[in-house]
Structures are given as structure tokens and as C-alpha cells.
Amino acid sequence: MISLEGVSHDYGGGALFRDVTVQLEPGSFYFLTGPSGAGKSTFMKICYGELKPSTGTVTLLKRDLASMTRDDLAQARERIGVVHQDCSFLDHLTLEQNVALPLTATGRPISDSDLEDLMGWVGLTDRADAKPPTLSGGERQRAALARAIVAGPSVLLADEPTGNLDWEMSQRLLMLMIELNRMGTAVLIATHDLNLIRFAKAQVQARVIRIAGRTLQLAGAEL
Amino acid sequence: MSTGPIADLVVPKAGQNVWLVSLSAAAMAFLAVFALALSMSSARLADSWAQALSETATVRIAAQPDEIEAQTAQVLEVLRTTPGIAAATVMAQSDQAALLEPWLGPDLPLDMLPLPRLIEVTEFGGGPDRQGLRLRLAAEAPGAVYDDHTRWRRPLVQAASRLQSFALLSLVLIGGVMSAIVTLAASVALSANRQVIRVLRLVGARDRFIARAFVRRISRRALAGAAGGTALGMAALLALPDPGSAVPVLAGIGFHGLSWLWPLSIPALTFVLAWASSMATAFHVLRGVT
Ligand SMILES: Nc1ncnc2c1ncn2[C@@H]1O[C@H](COP(=O)(O)OP(=O)(O)O)[C@@H](O)[C@H]1O
Ligand SMILES: [Mg+2]
């Protein structure tokens, strides 16, 4: 689905990570962890093509990122669901319209009942008509997850999707992602919440990669 | 939920700069109505002057009273045998008096004045070979002068067609200003909405979709403004006081009959122009936003 080969990134102040090679296969479940500032968000951005790495090759859905036009990238994103760490929305649209945006913006049909189900799953039925600026951090994260999965993506990339949520809601959203994974969606979650990782490992065969000391390591069984 | 209305809404209302587009479109359309009217009127004027004057000429015969009859007869004979001349008639004295009346008053003792004799000539085709005709007249009737009005006709026709060029140039300039304003408004709207563009990109929207969302709003505003401006311009033309036949040049400005349909193309053209220039701007800006 998404593969990185020999990827390094450097914003100008030294490399965040070097020579990373990872493959996100269909149906796989990954956690990406590491201390704050290690480069988790940077890694995620490279995975959905918002950022081109300083060196190395990124392949999105079988195509080389370096040779993709903006339209190619847009086409790939129709199948990649993203929960951005800063959860940006279109502030002048309602929450429900924002959640439906991946379908609206690509001319795909929208089923009202599916949309309602989804809003219910993330506990936002009551807030469907609210404008994003009036939402709490937790509500934004739930809405961002709903938006990321509304179009039934092949890959879900979630950057700290539970950072602002209480434990109960975190579990609920994680279960939603595990459910999607069981239906075939590849999932990559960046988080520093070890409890979340432990909880997931009891449900699904998840692999954990860790950014530390400028390299990516497969984390051991201690988690 | 249908795709259409929301696709329209993905761009937030742009506020002032969109009003600027409506207002400028209205002003430009108003000016365009007048430029168009001027261009059509001056074309019509140039045409009618060229036509009416090119088919008539006058031969003036000035001679001693005892020679004038003979010379007139000779001139008529020459004219009769000249190709390119349809008819030649000696102007009756009463007609000549009518012609002079505005200048010299009604009680004109014409018999007492050494007036030249006038022969009205109607030309056809390209008219006669004027140089040849003048030479023949000089030989046969030295007092005769062939006057085909060209001397004073040419600058008039030239002025009218120059006026038409100016009017057309104005239309081009108005179009240029309009697309400059739309380009400016579009790039302001796009730069003010970088965050919107980023979110749309994130959910898989293509440049075409994003550009259209911006362009649709701007060109609709331009269309509405231009429709208003055109209506005002046409109303203003209709309300022009009719100067009657006293000032034929002024009376000609405006549209006549079916040509009233022409200004209706101004809003349509404005829409097309706004669409094209904002689309080009949008794609240009989007190329720079990643
Ligand atoms: N656009 C940017 N330009 C320059 N430096 C950046 C940029 N984004 C992130 N960084 C820096 O890169 C490092 C890694 O950031 P990030 O990927 O957000 O880490 P994490 O998500 O693991 O907390 C940080 O030191 C951050 O300051
Ligand atoms: Mg981060």
C-alpha cells in the first residue's frame, strides 16, 4: 500500500531519521511511537505525500511519489484516510458537511444513513450541525477520525487520534479502527500512549515501530 | 444529501472583494454599453455618408450670361457620353433659390445675380473617370467645374471610422480592466483561503474542483454586476432626449431595432471573461500551494 525505502528527512537542522525502510501491507496494523519531537508527524506526512522526503523513495498505492502530479496525489488520497494532528476543518461548514467532505470533494455519492451511523459511532450525532470552531479538542479528534474513514479508505493514517480523549472514548475509537482493519483496511497510528498500544495488542496483531536515535526500530515484546 | 450545493459552499463567502467584482462589473458593463453604441453608430454614420455622397456630384458652370446656355448644353452632352454617369439634370432656378434662401433671404432677385448654373449628376458603379472628365470639360466648357464632394466627404468618413476604432479600442480596454480586476479578486480570495485549499487537498480534492469552487462564485458575481450595469446603460440610452433631426449626428447615437440585442451580449461576455481569467488565476495559484 505505502512503502518507504531508504527515506531520510531533514528540515534543515539535522536529520530527524535516516535510511528508513518500511512497508505498510494491506490489512496490516502498525503503531508508530517515540518521544515528542522525534518526527512522528513528519513520518506520517511523508506517508500521505504532504511532505517529500529529503532522500529515499516513497511509493503510494504502487506509484512513485516523486513522479506523481497533484492530480495523481489527489487520486491516491481518495483511498487514504488521514487524521491530521491539528485536525483542520472548513470552519464555515457544519460538522456533518465536514465529515462528508472527502465524498463531496471527489464527487462520490453520499449515503445519509451511513453518515448518520458514522456520526453516532464517534458520538457526534448531537453536534452534527455545529460549526468546527465551537467544538472541544476531543470532539474535533472524533470528527477528524469520522472524516478520515467516511469514504472507506484502503489505508488509515492517524496522527495522535486520541490525544485529547478520555480513556473510554479512546478505547471506543480504537475499536472502530480495529474493526476497519478486520475488514481489510491497513492502519498506521502515531501515538505515545502506551496503554492504547497494549489495549490494541490484546485485540489485533499489531506491530510497533519506534523512532529513537534517528532510526526506526521494531519495538520489542515488552509492550 | 446531494453533491451539488455543498460543492458550491466549500469556499467561504469572500466578503468585500467579491462585492468589488460585482461593482466593477456593473461599472464596466455600463461603459461598454456606451462604447458599443458609439461604435455601431459611427459605423452606420460612416457608411451612410460614404454611400449618400459617393453617388452624387455637381457640375458648376460659371460663365458670361451670353455663354452660359451654350456651355450648359455642351456640358450636358459631355456628361451624356461619359460612362459611369446615370443622369444629369440642370437644377431649376426655384430649387437653386431654395438652396440659397437660408443664406440670402427669401426675396432674392435671382435674375440680377451672376449665379453659376448647377447640374446635378447621379453616378453609378464607381462613377466616371474623374481626371478624364475634368480634362474634357476644361476643353469643351472652360467655365465648368466637376465637384464630386470628395474633398469634404473624405475627412468626415475618416472621422467617423476613426471614432469607431476608438469605440472598439474602448471595448477592448474595458474587457482588459475587467479581467485584471477579476484576476486580482481571484488571487486575493485564493491566498486568503490557503487553509481551505489545504484541507480540500487532504481529502482528495483535485485542482479542478478547488478552482471551480472559487471561480463559480466570482464569475456569478461578475455576471450579476454586468447584467445590472448593462440594464442601466440601456435605460440611460433610452432616456436620452431625442434631439430630432436638427442634430443628425447626435440623433444617431444609440441602438436601432434589432441592434438592441447587441448589448445583451455584454453580461454573457463578462461571464465568459471572468470565468476564463479567474480559472487561469486559480490554476496558477494552486500550482504554488502544496
Ligand atoms: N515544517 C517544519 N519546519 C521545520 N521544522 C519542523 C517542521 N515541522 C516539524 N519540525 C521539527 O521537526 C521535529 C519533529 O517534529 P514532528 O514530526 O512534529 O514530531 P512529533 O510528531 O514526533 O512530535 C521537531 O523538532 C519540529 O520542531
Ligand atoms: Mg506529532
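**Reading the contact between chain A and chain B**

Me: Which residue forms a salt bridge with B:R198, and how far apart are the closest N and O atoms?

Reply: It's A:D86, with the closest N and O atoms 3.8 Å apart. Keep in mind that this is a predicted model. To read such a pair, check the distance against the cut-off: a Lys or Arg side-chain nitrogen has to lie within 4 Å of an Asp or Glu carboxyl oxygen. Across the interface of chain B and chain A, the rule finds four salt bridges.

Me: How many residue pairs are in polar contact between the two chains?

Reply: Six, counting pairs with both residues at pLDDT 80 or more.

Me: Which helices of chain B supply the side that touches chain A?

Reply: Look for elements giving at least two residues each: in chain B these are α1 (3-9), α7 (194-202), α8 (207-238) and α10 (265-288). The largest share, seven residues, comes from α7(B). Sorted by class, that side of chain B has 16 nonpolar, three polar and six charged residues.

Me: And how much area do the chains bury between them?

Reply: About 2400 Å², with 60% of it on carbon and sulfur atoms. Chain B brings 25 residues to the contact and chain A brings 28.

Me: Now for the inside: which residues touch the most other members of the largest nonpolar core?

Reply: That core has 45 residues, and the ones to look up are A:F29, A:F31, A:L145, A:L156, A:L174 and A:I189. Chain A elements that each supply at least two of its residues include β3 (29-33), α6 (137-149) and β8 (186-190). The largest share of this core is the seven residues from α7(A).

How values were computed
Residues numbered from 1 in each chain as written. Chains lettered and ligands numbered in written order. Predicted model: local features only at pLDDT ≥ 70, side-chain atom pairs only at ≥ 80, totals over all residues. Heavy atoms only, no water. Contact = heavy atoms within 4.5 Å. Buried area = accessible area lost by both parts, 1.4 Å probe. Polar contact = N/O pair within 3.5 Å; in protein donor to acceptor, adjacent residues only side chain to side chain. Helix = DSSP H or I, 4+ residues; strand = E, 2+ residues; numbered from the N terminus. Nonpolar A, V, L, I, M, F, W, Y, C, P; charged D, E, K, R; others polar. Core = buried A, V, L, I, M, F, W, Y, C linked by side-chain atoms within 4.5 Å. Buried < 20%, exposed > 50% of the residue type's maximum accessible area, 1.4 Å probe, protein only.
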